Amino acid sequence: MAKETANETADERADEAAATGGLSTAPVEEPEVATAVAGSFGGVREPGARGQLAWLGRELLGWARWFWRQLTSMRVALILLFLLALAAIPGSMIPQNNASPTTVQDFQERNPGLSSFYDRLQLFDVYSSVWFSAIYLLLFVSLVGCIIPRSWQFVGQLRGRPPRAPRRLDRMPAYTTWRTGTEPADVLDAAHRQLRRRRFRVDRREDDQPGRAHVAAEKGYLREVGNLVFHLSLVVLLIAFAAGRLYYAEGGKLVVEGYDFTNNLTQYDDFSSGPFYDTDNLGNFSFTLDEFHAEFTRSGPDLGTPSRFDADVTYRTEDGTERSTTIQVNEPLGIGDERVRLLGHGFAPVVRVTDGEGNTAFSGPVPFIPQDQALTSVGVIKVTDYVGPDGQPTQLGFQGFFSPTYNIDEVRGPHSTFPDPDDPVLTLTGYRGDLGIDSGLPQNVYQLDTTDMEQMVDAETGDVFRFDLRPGESVELPDDGGTLEFQGFERWATFQISTRAGNGWALGGSLAAIAGLAASLMLQRRRVWVRAYRHEDGHTVVEMASLGRTESGRIPEELASLAAALEPAAPMLPAEPEEGPGSDSPDPSAEESAAEGARS
């Protein structure tokens, strides 16, 4: 008797395992198997060289399988995703060579010791570093290794039949039963129709016990579809990111109002591209900055905050088409595969310099670079074609500040108090000598190398020659060296021209990931079984049970709704007293509660 009871219990457990299996395609970790040799995956090591090689091969294969199982587990994938997010933090906080080499150079000059440490860790090239690439590739392999077997398993589930009902439906989380006078076949037919109407996958089967049958149904496959779509979208995002790093071109250009830009390498102030990008594929277009508009808040707590930035441009495409448009912040202009983005703005004082013989040595706008929110700007003016009063050619250099709204104090010196040009003033000091332009070494156009130059001195006072000019004013240079006239100012704007592969894939992958995540969180995978059989008293016993992957209040509610829908085809009979211990008749209290749930 005890042996038969144990066998029945084992069968019931097997039935329940079969009923609950397959609700998820998540990989199941294999249990560890004890072997004869500690730490061995291959069991007993046979003597001799052949046994040694066989054991070594089994060990290597075992460790490879163990590593693969760990790498493709959900736990490791989440850890790698977290590490990738952490690894991206230095790339957003530390200047990067591929984005702004000038900023990196300035940082290295100001922090030589820290820069040496950063260089060893490749922190100036985070996204192309060895450690970032390793995390990236491991995450890619982990996701692919997780998706392929789960997808294959899910396809098998779709092609298979809903699992059989376990023997003891009352062990399921949601269960109800009642008696009816309707024939069992008619009850199952009605249950089949109701479940099909609610879009369940339905299968009718015979029980192991003679004369008994049940309907098995399953629903919620979109949950697993959403889960797989989410993981597949992450792979798409990784591929799009890789394509964006390999096939991209990005450059910056400062354009003064009224001036043009043509999309070729010689026109860029700075340019970078991916290793697989061919610069011959740069789009053939040009544009003119017609006018730049900037407005700032003049009162309240947001004083000086920009309220409007936009640039009116006229662009020309390869086919000769010319159009006018306005580029705003975060609203780039698309020309073919390129995107033209508006990044920044400033002022370019218009200066005219005459030499010692009265000839114009320099004339035009000179961009000055803002240093604060009030647009206090610094810049240099380099005069290369200058002839002194003695007829000898030389070179001049001027450096200083442009203040849109001028102010001066003992602490800050000349500076601006508001970004709009309410009181524009140009403050300069002058140098005479060799600018170093002819040395063949590259120079920063916004810096002045005074190594081989002498600072101009006021002949009357003996002080450093420094002067302030407002638009329309001019100053005589020392030693009859000519004049410098501040004629006015123009605005300039900086543009980023970029093309990057994979943007569309990245957008599609992001949207698909959101949709897949929503489906996997909001939908519930569940199974329903309906069993109907003839009892000894001549009535039909109806049993209904439901099971979900996770516990949820919606599972009992759905089962009650199904029972209520089935009741018209299988009306309940009044409850009868129990016949005694061990009876197969349903529990009257269970019938009453089921009836109440079905009626509700």
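Author: Buried means under 20% relative accessible area, exposed over 50%, and partly exposed in between (1.4 Å probe, protein chains only). This is a predicted model, where local features need pLDDT of at least 70, side-chain atom pairs count only at pLDDT 80 or more, and totals for chains, interfaces and linings use all residues. Residues are numbered from 1 along each chain as its sequence is written, and side-chain values use heavy atoms, with hydrogens and water left out.

Reader: Why does arginine 204 count as partly exposed?

Author: Its relative accessibility is 34%, so the value sits between the 20% and 50% cut-offs.

Reader: What makes aspartate 189 and arginine 204 a salt bridge?

Author: The term asks for a side-chain nitrogen of Lys or Arg within 4 Å of a carboxyl oxygen of Asp or Glu. Here the closest N and O atoms are 2.3 Å apart, so the pair qualifies. Aspartate 189 is partly exposed as well, at 30%.

Reader: Aspartate 203 also forms a salt bridge, with arginine 205. Is aspartate 203 buried or exposed?

Author: Buried, because its relative accessible area is 14%, and the cut-off is under 20%. Arginine 205 is buried too, at 12%. Their closest N and O atoms are 2.8 Å apart.

Reader: Why is aspartate 438 called exposed?

Author: Its relative accessible area is 69%, so it clears the 50% cut-off.
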